[in-house]
Amino acid sequence: MVKMVDVHKSFGDLHVLKGITHHFKKGKTTVILGASGSGKSTLLRTINQLIDIESGEIYVDGVDIKTVKHTDLVAHIGMVFQQFNLFSNMTVLKNVMYTLVTVKKMEKAKAKELATDALKKFNMEDKLNAYPAQLSGGQKQRVALARAMVLSPNLMLFDEPTSALDPEKVNEILDEIKKLTHIGLTNIIVTHEIGFAKEVADEVIYMDEGKIVEFGSNKEFFQNPKEERTKQFLNKVL
């Protein structure tokens, strides 16, 4: 589903991604772990062109992303951010309708129907006309999930989706994401929630200092890590 070949990215003098090469398999859930500043979120955001790369190649479903418009790409990729990224001047319903209308050029009536159905799936049907400022963090993330899923994506990207939530709201959002790992989607999840990672991941990546240090199946990674840096990381977090 996603193939990255020797991907590099710098911000000024800071070399954030240092030759990332990896193949994210279709229909699998891959969790990316690592300390803050290791390049996890940057890697995720390069996949849907939110961040441009300096060199290397990224293919999504066989297509070089440099050959397609950003709007065409995001029409097929759902993304959930840690800070929700909702439009504050739009109602919940219009936030979920937005990409359907502006990118997919869907009729407003049809977009409204699909958006309403998506919000119902995340138990937000009573907040259709509310604004983001009127919602809790957990409710905002439910809207963000509905906005992503309304596109019927075949690839979902999650950038630390619970890090901005109050502790008591974390599990309810993780439960919603768990449901999405059982419907055939390809999921790439950046998270600090190790218990969640162990539960949902088919495969796990550990990143450090802009490189993939270790990659393996869920069982291999957590029960028999090979790299010393991975072992040190897991000893701290488990």
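Predicted model: local features only at pLDDT ≥ 70, side-chain atom pairs only at ≥ 80, totals over all residues.

Trainee: Okay, how much space lies in the largest pocket?
Mentor: About 420 Å³.

Trainee: And which residues lie nearest its centre?
Mentor: Those are V74, M79, F81, T99 and R147, out of 18 residues in the lining. The elements giving two or more residues to that lining are helix 2 (70–74), strand 6, helix 3 and helix 5.

Trainee: How do the lining residues divide into nonpolar, polar and charged?
Mentor: You get 10 nonpolar, 7 polar and 1 charged.

Trainee: Let's look at helix 5, then. How far does it reach from its first C-alpha to its last?
Mentor: Helix 5 covers residues 137–149 and reaches 18 Å, close to the 18 Å expected for its 13 residues at 1.5 Å a residue.

Trainee: Is helix 5 mostly covered or mostly open?
Mentor: Mostly covered, with 10 of its 13 residues buried. The buried set is G138, Q141, R142 and then the run V143, A144, L145, A146, R147, A148 and M149.

Trainee: What do the buried residues pack against?
Mentor: Strand 6 (77–80), strand 7 (155–159), helix 3 (92–102), helix 4 (108–121) and helix 6 (167–180).

Trainee: Switching topic: what's the strand order in the open sheet?
Mentor: The order is 2-1-4-5, four strands with antiparallel pairing. Strand 2 (14–24) and strand 5 (63–64) are the edges, each pairing on one side only.

Trainee: Over how many bridges do strand 1 and strand 4 pair?
Mentor: Strand 1 (residues 2–11) and strand 4 (residues 55–60) pair over 5 bridges, in the antiparallel sense. If you want a residue to look at there, M4 stands opposite I58 in strand 4.

Trainee: Last one, T42. Where is it found?
Mentor: T42 is in helix 1, which runs over residues 40–47.

Trainee: Why does T42 count as buried?
Mentor: Because its relative accessibility is 11%, and buried means under 20%.

Trainee: What does T42 touch, leaving out residues up to four places away in sequence?
Mentor: T42 touches K9, F11, V16, L17 and I51.

Trainee: And how far apart are T42 and V80?
Mentor: In sequence they are 38 residues apart, and in space 14 Å, C-alpha to C-alpha.

Conventions. Residues numbered from 1 in each chain as written. Heavy atoms only, no water. Buried < 20%, exposed > 50% of the residue type's maximum accessible area, 1.4 Å probe, protein only. Contact = heavy atoms within 4.5 Å. Expected span 1.5 Å × (residues − 1). 1 Å grid on protein atoms, 1.4 Å probe; cavity = no way out; pocket = protein on both sides within 12 Å on 5 of 7 lines; lining within 4 Å. Points joined across faces, edges and corners; volume = space filled by probe spheres on them. Nonpolar A, V, L, I, M, F, W, Y, C, P; charged D, E, K, R; others polar. Pairing = 2+ DSSP bridges.
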